[in-house]
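Dear colleague,

Please find below the sequence and the structure that I am handing over to you. My notes on them come directly after.

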Amino acid sequence: MSTLPNSTPSTRAQAVHSRSWLFVPGDRPERFAKALDSDADAVIVDLEDAVAPQHKTAARDNVVEFAASSAIFVRVNGADSPWYKDDLAALRDCCPPLGVILPKTGSADDVAAAAALLGPQIPIVALVETASGVQNAGEIAAAVPSVRLAFGSLDFGLDIDAETDDTTLLYARSTLVIASRAAGLPGPVDGVTTELDDPAAAGRDAGRARRLGFAGKLCVHPRQTTPVNEAFGYSPETVAWARRAVEAAGKADGAAVRVDGEMVDKPRLQLAERVLAFSAKGNEP
């Protein structure tokens, strides 16, 4: 991942490891600091779908000013819009954000074109929202400077003219998971949950996404971030099991061991070590 001039190693790592990604409209600057104060791992200031055409320029100015002193991501307008090149030029010339969310990423060429306008110092999170994007997910994930894939589930459903239920989107989600893994990227970021009055709904959706191999989720309300973070964490019971498994394996000289009535062999031991490494970073619920 590229080194960002205005960020520390810990903030740069957010581009790879964030669980909850909270959108905030670029034309609502009074919400920017509140979003950063939320439980979200990452904040995306949005210049695209959340901003009306007549407010695009003002929103861009807001983002440029805020990015100079704050660790944010920015979703720019799409390449087919009249604001795209100006968005990228503005982010290139100001203190760069943690990364750019690139909408409607359909190919590696889209990533390369954005990188040519941004410069190499700004990582790109490729937002896959179309059938062509899913079809080309492997090359998008492998493109430099892609650091992560994200799934625009609502736009994808619109593109293929289908209901956005779990069955319909299963192939697309699994494709992004496999493409990410093959390219050495972390698990992708799942799409939004539109239910605003039930924050737990986002947590349930995040849990299903995690079981498929996703490692994060886009959020549209601050109340969604806590259940999403919990869904992508590990329960205290799982952390306790991992400690018992690692302790038992340490006494077994490489052999499989019995822990809580189940066999713990090399893959299960590696899982236990992963759980403990994750929780050691302060990420357990």
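This is a predicted model: local features need pLDDT of at least 70, side-chain atom pairs count only at pLDDT 80 or more; totals for chains, interfaces and linings use all residues.

Residues are numbered from 1 along each chain as its sequence is written, and side-chain values use heavy atoms, with hydrogens and water left out.

**The annotated span**

UniProt lists residues 19-222 as "domain: HpcH/HpaI aldolase/citrate lyase", in an unreviewed entry. UniProt positions are given here in the numbering of this model, feature names are shortened, and annotations may be inferred rather than shown by experiment. In the model, the span 19-222 is 43% helix and 17% strand, and its end C-alpha atoms lie 13 Å apart. Helices (H or I, at least four residues) and strands (E, at least two) are DSSP runs, numbered from the N terminus.

Strand E5 covers residues 124-128, and five of its five residues are buried, so the strand is largely enclosed by the rest of the structure. Buried means under 20% relative accessible area, exposed means over 50%, and partly exposed lies in between, with a 1.4 Å probe and protein chains only. In a regular strand the side chains alternate between the two faces of the sheet. In E5, Ile124, Ala126 and Val128 point one way and Val125 and Leu127 the other way, and all are buried.

E5 is joined to strand E4 (residues 99-102) by three bridges, and the two run parallel; strands pair if DSSP finds at least two bridges between them. Isoleucine 101 stands opposite valine 125 of E5. From E4 the chain crosses through helix H6 (residues 108-118) to E5, in a β-α-β crossover that is right-handed. That term applies if, with the strands pointing away from the viewer, the path from the first strand over the helix to the second runs clockwise. Five bridges join E5 to strand E6 (residues 146-151), again in parallel, and alanine 126 stands opposite leucine 149 in E6.

**Aromatic rings**

A pair of aromatic rings is described by the distance of the centres and the angle of the planes. Rings of Phe, Tyr and Trp (its six-membered ring) pair if their centres lie within 6.5 Å; planes under 30 degrees apart count as stacked, over 60 as edge-to-face and the rest as tilted. The whole structure holds three aromatic pairs. In one of them, the ring centres of tryptophan 21 and phenylalanine 73 are 4.8 Å apart and the planes are at 50°, so the pair is tilted. Tryptophan 21 belongs to strand E1 (residues 20-25) and phenylalanine 73 to strand E3 (residues 73-75), so the pair ties together parts that are 52 residues apart in sequence. Tryptophan 21 is buried, at a relative accessible area of 1%, and phenylalanine 73 is buried with a value of 1%.

Lysine 56 lies over the face of tryptophan 83, at 5.1 Å from the ring centre. A charge sits over a ring if NZ of Lys or CZ of Arg is within 6 Å of the ring centre and within 35 degrees of the ring normal.

**Aspartate 190**

Is aspartate 190 buried or exposed? Aspartate 190 has a relative accessible area of 2% and is therefore buried. This residue lies in strand E7 (residues 189-190). Leaving aside neighbours within four places in sequence, aspartate 190 is in contact (heavy atoms within 4.5 Å) with residues including Phe151, Arg173, Asp205 and Lys217.

**Backbone points to check by eye**

Most residues other than glycine have a negative phi, and most peptide bonds are trans. The peptide bond from valine 144 to proline 145 is cis, with omega near 10°; proline 145 is found in the loop between helix H8 (137-142) and E6. Lysine 104, in the loop between E4 and H6, has a positive phi near 55° and is partly exposed at 34% relative accessible area. Aspartate 260 also has a positive phi, near 55°. Its place is in the loop between strand E9 (257-259) and strand E10 (262-264), and at 53% relative accessibility aspartate 260 counts as exposed.

With kind regards
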